[in-house]
Amino acid sequence: MSERVSWDALKAFVAVARAGSFSAAAQTLGLAQSSLSEQVARLERTLGYRLVDRSPTGVRTTGRGQALLARIEGPVEVLAEATAPQEATHGHRAMLLGGPAEFLSEVVLPRLPEHLPPGQQVTARFGDVDDLTGELREGLIDVLVSTVPVRSQALMLTPVYDEMFVLVAHPRWAHTAAECLEEIPVLSYGPELPIIRRYWRSVFGRRPSDLVVSMIAPDLRSLRRLAIAGAGMTVLPHYLAHHHLEQGDLIELHRPETYPINTLCVVSRRPRPTPDPAVRSLREAVRKICRIAQERN
């Protein structure tokens with residue numbers, strides 16, 4: 001291989017491999033499709049092997065092309081950001097962060113300003129994970145903290161936090177729990193007992209069919225307040241309960257050998273060859289905050 005590989009050709013190949021077509025990659029890079037096609041063809045000639053299979057419906061990366069993409073995709077992103085115009089690197093574009101209201105409010109948002117560049121504006125958007133994932137795909141939000149795995153080639157997913165679930169109530173229910181746990185009224189997130197059902201199956205190996213629900217509230221913080229007031233028992237993520245367990249406002253009604261765990265992930269769209277530094281900054285801030293919170297809990 002006598003000819004040197006050009007930076008533009010590598011950037012073009014990454015864009016085409018991600019987009020799945022020369023036309024879509026050309027729009028992403030703001031280049032003519034013919035120019036992009038020639039750059040990839042020149043790269044193939046320089047390397048001595050085919051990188052993509054071309055067809056009327058688009059392109060598909062070959063096996064050797066996939067291997068090359070895996071090696072250069074990260075470095076291309078870093079170099080693209082480093083060589084981006086100066087005004088695009090300040091990261092002050094207003095950002096939208098989506099996720100569950102309880103986790104963002106209790107764990108992420110209070111610590112977010114200290115981990116972001118000065119002047120960075122962030123708007124939080126709470127909602128159902130499926131709705132928020134759709135908005136992420138459509139570009140309506142920039143970064144998502146998801147309570148479920150998101151499977152998509154168009155999205156980047158990084159596990160950031162393991163929620164540990166605990167069964168809690170006011171200390172007044174301790175004696176009843178020792179005698180018969182099922183006699184304590186249940187405070188549930190939803191009518192199908194979504195979190196409680198998972199706890200019961202994981203810890204007790206059975207469905208929570210004998211429980212009596214006294215209150216339903218689709219907000220874990222409301223359930224926490226009801227439990228503190230003595231209204232019944234509920235299952236909460238440890239990050240919502242640990243302070244009140246330490247203070248004695250709540251007690252654990254059962255201590256399993258293995259606690260149920262749910263892994264939260266930070267998700268964003270796969271970056272273009274010139275990544276958005278604001279998105280990268282927000283992703284990294286959320287990741288750091290979650291790591292610190294995990295270590296404390």
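Which backbone oxygen lies 2.7 Å from a polar atom of the side chain of T234? I looked it up, and the backbone oxygen belongs to L187. I'm counting a polar contact as a pair of N or O atoms within 3.5 Å; within protein, one must be able to donate a hydrogen and the other to accept it, and residues adjacent in sequence count only if both atoms are side-chain atoms.

Ground rules before I go on. This is a predicted model, so I note that local features need pLDDT of at least 70 and side-chain atom pairs count only at pLDDT 80 or more, while totals for chains, interfaces and linings use all residues. Residues are numbered from 1 along each chain as its sequence is written, and side-chain values use heavy atoms, with hydrogens and water left out.

**Confidence.** I checked pLDDT, the predictor's confidence in each residue from 0 to 100. The protein chain averages 88, and 93% of the residues score at least 70. I marked residues 85-91, where pLDDT stays under 50 and the model has 6 contacts beyond four places in sequence. Contact here means heavy atoms within 4.5 Å.

**T234 again.** I find T234 in strand 9 (residues 234-237). Helices (H or I, at least four residues) and strands (E, at least two) are DSSP runs, numbered from the N terminus. T234 has a relative accessible area of 1%, so I log it as buried. My scale is buried under 20% relative accessible area, exposed over 50%, partly exposed in between (1.4 Å probe, protein chains only). Not counting residues up to four places away in sequence, T234 touches V166, L167, V168, L187, L223 and A227.

**Core.** I use "nonpolar core" for a set of buried Ala, Val, Leu, Ile, Met, Phe, Trp, Tyr and Cys residues joined through side-chain atoms within 4.5 Å. The largest one has 53 residues, and L97, F103, V108 and M233 touch the most other members. Helix 11 (residues 277-296) gives the largest share of this core, 8 residues. I found another core lying apart from it, of 21 residues, including V16 and L36. Beyond four places in sequence, F103 is in contact with V108, V145, Y161, Y239, L264 and C290.

**Two loop residues.** L193 is in the loop between strand 7 (186-188) and helix 8 (194-204). Its phi is near 50°, a positive value in a residue other than glycine. Most residues other than glycine have a negative phi. Is L193 buried or exposed? I get 10% relative accessibility, so L193 counts as buried. V212, in the loop between helix 8 and strand 8 (213-216), is exposed at 56%.
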